[in-house]
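Thanks for coming. I will go through one model today, starting with its rings and then moving to its charges and strands.

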Amino acid sequence: MNMEVFVTNSGGAGGITRESVEAMTTSRLREARIYAQADQPAWALLRLTVFIGTQAVPGRAAQTVYIIRLRFMKLVYDQLSDPQLAANPGRLSSDSLGAALQWIHWAPTWESPRPAIGFYGGRRDDVITSKIGTMLEEFVTEYLRVNGDSCP
């Protein structure tokens with residue numbers, strides 16, 4: 001599966017970058033044998049979004065604020081919106097491969113049970129990496145429960 005990692009870090013934990021989060025995610029997926037083969041089409045996508053900011057509090061240490069969301073997306077064909085399907089109701093579902101691109105969308109098929117949202121004093125990286133690690137474990141556990149037989 002492919003992956004997208006988005007990191008916005010405006011003054012929070014300094015070691016949290018797109019590259020570091022991407023490396024952490026790639027490592028965990030490879031360890032679980034969940035990764036894209038070079039010859040596979042991009043039909044699935046793991047999207048990890050991390051926002052980190054700081055809030056100044058008078059007379060106290062800066063507060064780090066974070067929001068982390070992990071979603072597993074798949075390409076889906078929106079048959080109900082495709083006018084060609086309305087004109088040809090007997091069309092086979094295998095014909096959806098030739099559907100116009102505007103009727104093919106990324107749709108979330110799994111997301112972490114709840115996004116990680118919180119704050120803490122200081123600018124430590126370990127709080128954020130721990131939350132990301134927990135969310136990746138939840139995903140890997142669920143993915144392997146459903147798809148374990150198809151993983152190489």
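There are 5 aromatic pairs in this predicted model. Rings of Phe, Tyr and Trp (for Trp, the six-membered ring) pair if their centres lie within 6.5 Å; planes under 30 degrees apart count as stacked, over 60 as edge-to-face and the rest as tilted. Two numbers come with such a pair, because a pair of aromatic rings is described by the distance of the centres and the angle of the planes.

Before the examples, some housekeeping. The model is predicted, so local features need pLDDT of at least 70 and side-chain atom pairs count only at pLDDT 80 or more, while totals for chains, interfaces and linings use all residues. Residues are numbered from 1 along each chain as its sequence is written, and side-chain values use heavy atoms, with hydrogens and water left out.

One of the pairs is Tyr 66 with Tyr 120, which is tilted, at 6.2 Å centre to centre and 45° between the planes. Tyr 66 lies in strand E3 and Tyr 120 in strand E5, so this pair ties together parts that are 54 residues apart in sequence. When I say helix or strand, I mean DSSP runs, numbered from the N terminus: helices are H or I with at least four residues, strands are E with at least two. Are these two tyrosines buried or exposed? Tyr 66 has 6% relative accessibility and counts as buried; Tyr 120 is buried as well, with a relative accessible area of 10%. The cut-offs here are under 20% relative accessible area for buried, over 50% for exposed, and partly exposed in between, using a 1.4 Å probe and protein chains only.

Phe 72 and Phe 139 form another tilted aromatic pair, 5.5 Å centre to centre with 45° between the planes. It links distant parts of the chain, with Phe 72 in strand E3 and Phe 139 in helix H3, 67 residues apart. Both Phe 72 and Phe 139 are buried. Ring pairs also join Phe 72 and Phe 139 with Trp 110 and Tyr 143 into a cluster.

That brings us to helix H3, residues 125–147. Its 23 residues, at 1.5 Å a residue, should span 33 Å, and the end C-alpha atoms are 32 Å apart, which agrees. The expected span is 1.5 Å times one less than the number of residues. Which residues of H3 are buried? They are Val 127, Ile 128, Ile 132, Met 135, Leu 136, Phe 139, Val 140 and Tyr 143. What covers them includes H1, strand E2 (44–55), strand E3 (63–77), strand E4 (104–111) and strand E5 (116–121). Contact here means heavy atoms within 4.5 Å.

On the H1 side, look at Arg 28, which is placed in helix H1, residues 18–31. Leaving out residues up to four places away in sequence, Arg 28 touches Leu 136, Glu 137 and Val 140. Arg 28 counts as buried, at 16% relative accessibility. Its side chain meets that of Glu 137 in a salt bridge, 2.4 Å from N to O. This pair links distant parts of the chain: Arg 28 is in helix H1 and Glu 137 in helix H3, 109 residues apart. Glu 137 is partly exposed, with a relative accessible area of 35%.

How many salt bridges are there? The count comes to 8, where a salt bridge is a side-chain nitrogen of Lys or Arg within 4 Å of a carboxyl oxygen of Asp or Glu. Glu 22 is partly exposed at 28%, and Arg 18 is partly exposed at 36%.

Arg 145 is exposed, with a relative accessible area of 60%, whereas Glu 142 counts as partly exposed at 29%. Elsewhere, salt bridges that share partners join Arg 18, Glu 19 and Glu 22 into one network.

Last, the strands. Two strands pair if DSSP finds at least two bridges between them. Strand E1 (residues 2–10) and E2 run parallel, joined by 9 bridges, and Thr 8 stands opposite Phe 51 in E2. E2 also pairs with E3, in the antiparallel sense, over 12 bridges. There, Leu 45 stands opposite Met 73 in E3.
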